[in-house]
Amino acid sequence: MASERKELFISYRREPTTLQFVGRLIHDLEQSGFSVWLDTRDIQPGGDWHGAIGIGLTKCRAIIPVMTKDYLNSRHCVNELYTADGDRKHIFPVFLEDIDLNASETGQGIKYVVSSVNWTMCRQGVDDYNLSISKLVNAMKLKGLGADGAGQDSTGTAAASATTQAPTVVPPTPVIGPKTTMPFKVIRDVESPEGITTSKEGHLIVSSMSGHKVLVFNPKYEKVSDIGGEMGLGMGHFILPDGVAVDREGNLLVVGQFFIQKFNIDGDFLGQAGGTDPKGFQIDAPRGIAINKNGWIYIAEQKKNRIMVINSDLSFIKTFTDGDPLLGSGHLNLPQGIAISSSGTVYVADMMNHAIQVFDKDGNYQFRFGKMGTGPGSTTAPAAIAIDSKDNVYVAAAAATVSIFDSKGNFLHSFGEYGSEVGKFSQIRALHIDEAGVLYVGEWMSNRIQLFNTLKEDVTTREELKRESQNVADRQYNGSSVVQDSPKKDEVTISKVSSTPRIQKGYVCTINDISEVHSIAISRSGHVVISSGSEGKLSTYNEAYELISSKVVSGLNMCAITISQEDILLAASVCKICKFDMQLNEVMSVNASDMKEWTNPFGIALGIKGRLYAAAVEKAIILNYDLTYYKVFAEKYKPFSIAVNSSGHVYLPDLTAHTIHVFSSEGEPLFTFGGPGRPPVPQFSLLGPLSIAIDHDDNVYVGVAMKSLNIFSQEGKFLSVLTSSGNKPGQLDDTPTALCIDHSHQMMLFTEKNASRVQVFKLK
């Protein structure tokens, strides 16, 4: 039984999606300073399972029931919740899906227990995970939890058989795995990728579980065909297709539900095996598939906790690891991915045992490695596995990390963390390494596949990565495939490494006597243009910040402005949109009153392809280069400003939600960061964001209602904050309401609410 007191008891139903969520939740809670009790790691081998759970629940101060529809059907889960309620424990329910608690007596009983507490919603594809968990963490800290749990190590149990010693974890060695943690390509719009493989000709094959089909891409990663797409059991149709593999003849093998099916690369159906026919062999809930050099096909059956082996002609050979999954090493508990080394050794990702179990080609148990936890060598809820040409083993753990081991299970390296940004992962379900050493990582929540180089020397320098970012920003998608000319969604570009900006002692000067500043822009030549007043006044200043000229333009009342790389000033109001040269001579004017969806713009920014992005009331709008309407996005938000980074991603502050929403250049949501809070916890301090700007390193500057200028990386990681308040030069008298960073990324100008000045800071 567990010997140490923990704060939080996790109550959950054991099924794959919940297990992956629980592994990730525990990692984040322990990183936030909480100590967590979990059955699979806190109950010692041979211990009284039910008794240990009762003791663990008694000792914990709070319970987190992870609510799913299956949770309601588990007598043990429901009893845990009722016991915690009877013992007056703090209850923090987390819902992974919508549940009608009135639909059953059990649900009504649970509703009675949890009706008086606030629920945390973490529904996949609906709720922002990071924001939900930050709210959960804050709620628990308000109850006095977390202080005693900081710094505790969670290592889990790494059981081994009595006859075979598990390998020890050794310090990581460098230059194993990807040469850079940034992918060289991202393939988007691949709906719930569940299995990935490649052919010798370079075709990429991906199973789409929720799409009930298999996608085939050519060597240029252009989609050439779909196999299936209509739900059906066998004969060329799929229900939830899973693992995929290519045999020695170049034929495609797909497992899903009760079948293994064979196709040629053109998608022609060649045959199948399995099903529910009692006269033949049965396959139940197959997950992973792998083929050895002899052509034997190994299938991981997650429901029967065993490995099935069949011939290349789909005839049955044998099964192994049949038996009670709780017997320990050599017995599987919800096997997921499977991979085979050059010597024929079989490696199985054993999700419920949080380990990799290793067998010879005949199914004889060899050893196991990995453990549940958050440190080096941990393999929490492994969902996918792949092996490279050097027999290094790649494991997707905790849904967001790729850990690398040698063939004996010694830990070498790991990379990745949770996130929707490029180079981060959100619910990894598929791994594959091709003959060229390309690592493919398939993610459910992001519906994408990221490609990494693992064999060759660095194919790109940092400067080449920058150039690639610019090139990729102009590439377009056509359906699921990456092509060059389609005017659809833009490919997410390679992110640049953010550096912490230095503003200390950066004050330069103040431009005084400017009332009601609405917007600021800076040209490449260093000239400053300020929009102010209610009548449409535009003022220009030279490089020494001396006034050159002012002009009132009819119809540009309270206008937002920006300047293009060609030093063309764009000004937009509710009535009109204009282009000017730097002498404020009008070049172009458009009557915006009749434009579709147009309303009063609070801020504007230029993006790739010359598009103009406008933050308006409860939405954002995209205009083409010729100022014609393109589309609307981000509806129902409350943006007061807008900014675009070097990759074309659009950053939109949400005034009422206290967050920053990030979109692709086509207006498709990518991720959200921030949340309400106050210093001294600045990473949660995005209370009332009013202004935003982005510098050369894609760091994000946000002016918030706390008389504060907070600075984040492009991924939303807090970097620093300028908190000095006051009305002296270099201080913040009120909320920064307009921000601008010049093209040389040296100077930043901003003004404050109700202040008649614009301050100038040097960034570098």
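**Exercise 1.** Determine where Gly144 is found and whether Gly144 is buried, partly exposed or exposed.

*Solution.* Step 1: Gly144 is found in the loop between α7 (129–142) and β7 (185–188). Helices (H or I, at least four residues) and strands (E, at least two) are DSSP runs, numbered from the N terminus. The model is predicted: local features need pLDDT of at least 70, side-chain atom pairs count only at pLDDT 80 or more, and totals for chains, interfaces and linings use all residues. Residues are numbered from 1 along each chain as its sequence is written, and side-chain values use heavy atoms, with hydrogens and water left out.

Step 2: The relative accessible area of Gly144 is 40%. Buried means under 20%, exposed over 50%, and partly exposed in between (1.4 Å probe, protein chains only). Gly144 is therefore partly exposed.

Step 3: Arg61 lies 83 residues from Gly144 in sequence, with 10.0 Å from C-alpha to C-alpha.

**Exercise 2.** Describe how α1 and α7 cross, and which residues meet.

*Solution.* Step 1: The axes of α1 (residues 16–31) and α7 come within 11 Å and cross at roughly 50 degrees. Consequently, α1 is oblique to α7; angles under 35 degrees count as roughly parallel, over 145 as roughly antiparallel, 65 to 115 as roughly perpendicular and the rest as oblique.

Step 2: In α1, the residues in contact (heavy atoms within 4.5 Å) are Phe21, Arg24, Leu25, Asp28 and Leu29. They meet Tyr129, Asn130, Ile133, Leu136, Val137 and Met140 in α7.

Technical notes: Axes fitted to C-alpha atoms, helices over the stretch in contact; angles between N-to-C directions.
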